[in-house]
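Hi everyone, thanks for making time this morning. I'd like to walk you through some ring contacts, so let's bring the structure up.

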Amino acid sequence: MAALLSVPAGAAAYTTTFNLPATFNGKTIVITNFDTEHKIDSVVAADGKAVFNTERKMPCLATMEVDGNTVVENFILDQADIVVDVTFAGADAPAGVMYSSAARGGLNDEQKRFFEDIEILVNNYKNNANRQLDNELPVQMHEMILAEVKRNIFNPLGYYILVALGPEWLTQDFTALTRDYPSIEKYNKVQAMLAFQRGLEATQVNKKYTNFGVEYNGKEHHLSDVVGKGDYVLLDFWASWCGPCRKAMPAIKKAQEDFKGKPLKIIGVAVWDEPENSMAAAKQWGLTWPVWVNGKEDITTNYGIDGIPCFILIGPDGTILARNFSVADLPSVLKKFVK
């Protein structure tokens, strides 16, 4: 199938070779643009290989998929010959379970070198007997990651490091990076990261709540329907598949009992989950407070939520009083504010 990359006549063609387990023979191997999720090219594997001869105008970060499953999470489709070795993650692992991969050629070599440098830095601190130096590790990690992003800001390596490590290490640098290098905002995942960061900043403690709506099966719920009505509102973001969420439910039930008669409303918001699974879990777990199912990605983006369970306490006037506290801290947080 023809590549979807737009190239001028006479553009150089490069080879991308996947060395694969024999179980892939006869299967269609698909290369997809990591950022846009658009298919770039596909071939049928044979003799333990899948070989692409693709004309490339612009390098991009890519993934490799088989039968709709991602096998290689990322490699750089560069203006160079690329080889990607794909192996089972464990001995005799069945096809479709877990794989490991290693890409070489072009910027893939630079990517490998960078992560080896990170590993060396971490190991040096681990092996140093002077534990007082531990505080310096985050500083050096931040400096190394930021420098590598800037060095490769106009190629897929910088983009990959930004989306892979940026949420943990570069949150305070996003504004400056987009100001100094506005072209990076062309990436969908960078736009999503920026939206997440803005949402997180907008919903910090002492900020006003951000309204959102949840709709499923003809029923709509809006946060503005319960906030500002004289009650404190405890939001619990959860999902049916989330073990820690399930373990937190007894503590929420106890809080509901302890604060019975107090101006406190508890709202469960199921996110990243199938509505039917959320409703089944709510019934199985015996939840006795309102549960809103089918929470969309914009909710967690607008509140800067990257993990669940996540608790947010909103005051009667709509001010966020506490957020991201643990279930162990739930009783003390409620006692501090709810009178």
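**Aromatic pairs in the model**

So, how many aromatic pairs do we get? The count comes to 13 aromatic pairs. Please keep in mind as we go that this is a predicted model.

Let me start with F18 and F75. These two form an edge-to-face pair, with 5.5 Å from centre to centre and 85° between the planes. Now look at where they sit: F18 belongs to strand β1, residues 13–19, and F75 to strand β6, residues 69–77, so the pair ties together parts that are 57 residues apart in sequence. And are these residues buried or exposed? F18 has 0% relative accessibility, so it counts as buried. F75 also comes out at 0% relative accessibility and counts as buried.

My next pair is F212 with Y303. Here the ring centres are 5.9 Å apart and the planes stand at 90°; over 60 degrees counts as edge-to-face, so this pair is edge-to-face. This time we are in loops: F212 is in the one between α5 (188–202) and β9 (213–216), while Y303 is in the one between α8 (297–302) and β14 (310–314). The pair therefore ties together parts that are 91 residues apart in sequence. Both F212 and Y303 are buried.

Which residues join them in a cluster? Ring pairs link F212 and Y303 with F237 and W292.

K189 lies over the face of F34, at 4.7 Å from the ring centre.

Key: Residues are numbered from 1 along each chain as its sequence is written. This is a predicted model: local features need pLDDT of at least 70, side-chain atom pairs count only at pLDDT 80 or more; totals for chains, interfaces and linings use all residues. Side-chain values use heavy atoms; hydrogens and water are left out. Rings of Phe, Tyr and Trp (its six-membered ring) pair if their centres lie within 6.5 Å; planes under 30 degrees apart count as stacked, over 60 as edge-to-face and the rest as tilted. Helices (H or I, at least four residues) and strands (E, at least two) are DSSP runs, numbered from the N terminus. Buried means under 20% relative accessible area, exposed over 50%, partly exposed in between (1.4 Å probe, protein chains only). A charge sits over a ring if NZ of Lys or CZ of Arg is within 6 Å of the ring centre and within 35 degrees of the ring normal.
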